Amino acid sequence: MDRIEEQNDEEILDDYATTAGNLLDSRTSQLDDVLNAKLEEAFHHPTSQVIIHDVAKIASEHDPIDLAYAVTRLPASYRFIVYKNLPDFQAKIIFMINTGSNTRAAIFREIDDREIKNLLEKMPPDEAVAMLDDMSDRRMKRVLDLLDPKKAVRIRELQRHDRNSAGRLMSNEFFTFPMHVTIGEVASHIRNNPGIELIRSVFVTNEQGHLIGYVPGRNLIVNPHELQLRQVMRPVFHKVTADSSRDEVVDLVERYKIPALPVVDDEDRPIGVITYEDVVEALEDITDETIANMAGTAEDVSEHDPILKRFFWRAPWLLVTLCAGLVNAAAMSHFSGREWFAVVPFFVPLITGMSGNVGIQCSTILVRGMSTGELSAGTRREAMSKELLIGLLIGLVFGIICGVVVYSLNEFVVHSQIDSLSLGTTVSCGVLGACLTATVLGTFSPFFFARFRIDPAVASGPIVTAFNDVLSTLMFFLVARLVNLFI
């Protein structure tokens, strides 16, 4: 039974990438479209009474999780109306846990501190921390002062940790018992604490409080109640500290398929647990951030943001591309009028296109290897060497092909006044030089950013791409000048 549960969890992670590739055609995305259409139709009725009636009917017929995703496409003023018309308080809690930061912020503007306090008291501490992150510091302090002191302490303990650390991912409400406790006593304690979610395991400690093992939930059911935990527990091979990075947690859970990863302090005492659900949420955040860095924008396409705001999300990154284009234009203007430069500008799109794709391929392959853990410190040099050799091979093969094609066209078709051998050699060597430049930049930039704790995915973004275009173009001009001198 345990093995089946672990296999189910394993399937969640193994199928994650495949599912992500089919999002546009998925059942959930189609449901979001249908639900969004219903809500938009309800909000376009002429009177407020009809709106409230229709929205309440939709809210009662659909899962609050689906509503939480659907409202992100609505204007901010409509989101509170959906929240207000949810059928019960538990539905509101589920809705707030699963919706986005902008929706929470819009709802917080409409409800008072006491209602927020009531929501937080019914949530796990880690979800409550995510909620509090979406409000101002002053209001957060007021709400925490209203909370039950024990709940507030647990929340503040989680808030002390870095946003992208294991301490933020974990829940500090879990079950842990001394090893001499019997299964019957464990069952009684769990029944008496219904507010604490029962994960797939309970943890076992020794007399000093150090973590020494865990007991799967199934073992608590099938074994006699008089057995002590030390007789049925299993050893803990993998654990993290609260300061461990989010990426380290994801790597451990993904590799070893751990349904509940314990978090310990410096003295090896358990202070929290990270479940598969927490890791899936972390994977979604990592994916969002990586794609945003690669695309050069952090905007959320699902949010109902004004066009101007989305423009300003993209503009700074595109400004870098504009500057790169102006540098290329200035370089071309500097060399214009010289005899050897007469036909060079016609091949600039070829050079930037080839070099851009070569550079993106190099950086993407390496970034993927770094993100999946396939590329370690021990294999880094070998991977870099292979990418450089592949770049050299690409430059040689495609450089020769381009040179032969350009030579043949000029010699047998165009019949221009320019020497065909000189022109073919210029293009061939230019492609080789540009591909080598792009390969070097695409190979070293991910490791450069990683060294300074910047997401390596930036190496596939607009900044490095623009820099690559400038360097490759200048390399082509340099090669063209040298060929003209020696041929």
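Predicted model: local features only at pLDDT ≥ 70, side-chain atom pairs only at ≥ 80, totals over all residues.
Colleague: Let's start with the open sheet of three strands: which ones stand at the edges?

Modeller: The strand order is β1-β2-β3, with mixed pairing. Neighbouring strands are turned by 35° against each other on average, direction ignored. Each edge strand has a single partner, so one side of it is left without a neighbour in the sheet. The edge strands are β1 (176–178) and β3 (211–216).

Colleague: And what is the bridge partner of Thr176 in β2?

Modeller: β2 covers residues 201–205, and β1 pairs with β2 in the parallel sense over three bridges. In β2, the partner of Thr176 is Phe203.

Colleague: Moving on to the largest nonpolar core, which residues touch the most other members?

Modeller: That core has 58 residues. Helix α18 (residues 276–295) gives the most to it, with five residues. There is also a second, separate core of 22 residues, with Ala331 and Val427 among them. Back in the largest core, the residues touching the most other members are Phe95 and Ile274.

Colleague: How do α19 and α23 lie, roughly parallel or roughly perpendicular?

Modeller: Their axes are 8 Å apart and the packing angle is about 10°. The contact includes Trp317, Ala324 and Phe335 of α19, and Ile463, Val470 and Phe477 of α23. Angles under 35 degrees count as roughly parallel, so α19 and α23 are roughly parallel.

Colleague: Which backbone oxygen does the side chain of Ser336 reach?

Modeller: Ser336 is in the loop between α19 (307–335) and α20 (348–372). Ser336 is partly exposed, with a relative accessible area of 45%. Its side chain reaches, at 2.8 Å, the backbone oxygen of Ser333.

Colleague: What does Asp268 count as, at 23% relative accessibility?

Modeller: Asp268 is in the loop between β5 and β6 (270–275). Its phi is near 70°, again a positive value in a residue other than glycine. The buried class is under 20% and the exposed class over 50%. At 23%, Asp268 therefore counts as partly exposed.

Notes
Residues numbered from 1 in each chain as written. Heavy atoms only, no water. Pairing = 2+ DSSP bridges. Helix = DSSP H or I, 4+ residues; strand = E, 2+ residues; numbered from the N terminus. Axes fitted to C-alpha atoms, helices over the stretch in contact; angles between N-to-C directions. Core = buried A, V, L, I, M, F, W, Y, C linked by side-chain atoms within 4.5 Å. Buried < 20%, exposed > 50% of the residue type's maximum accessible area, 1.4 Å probe, protein only. Polar contact = N/O pair within 3.5 Å; in protein donor to acceptor, adjacent residues only side chain to side chain. Parallel < 35°, antiparallel > 145°, perpendicular 65-115°, else oblique. Contact = heavy atoms within 4.5 Å.
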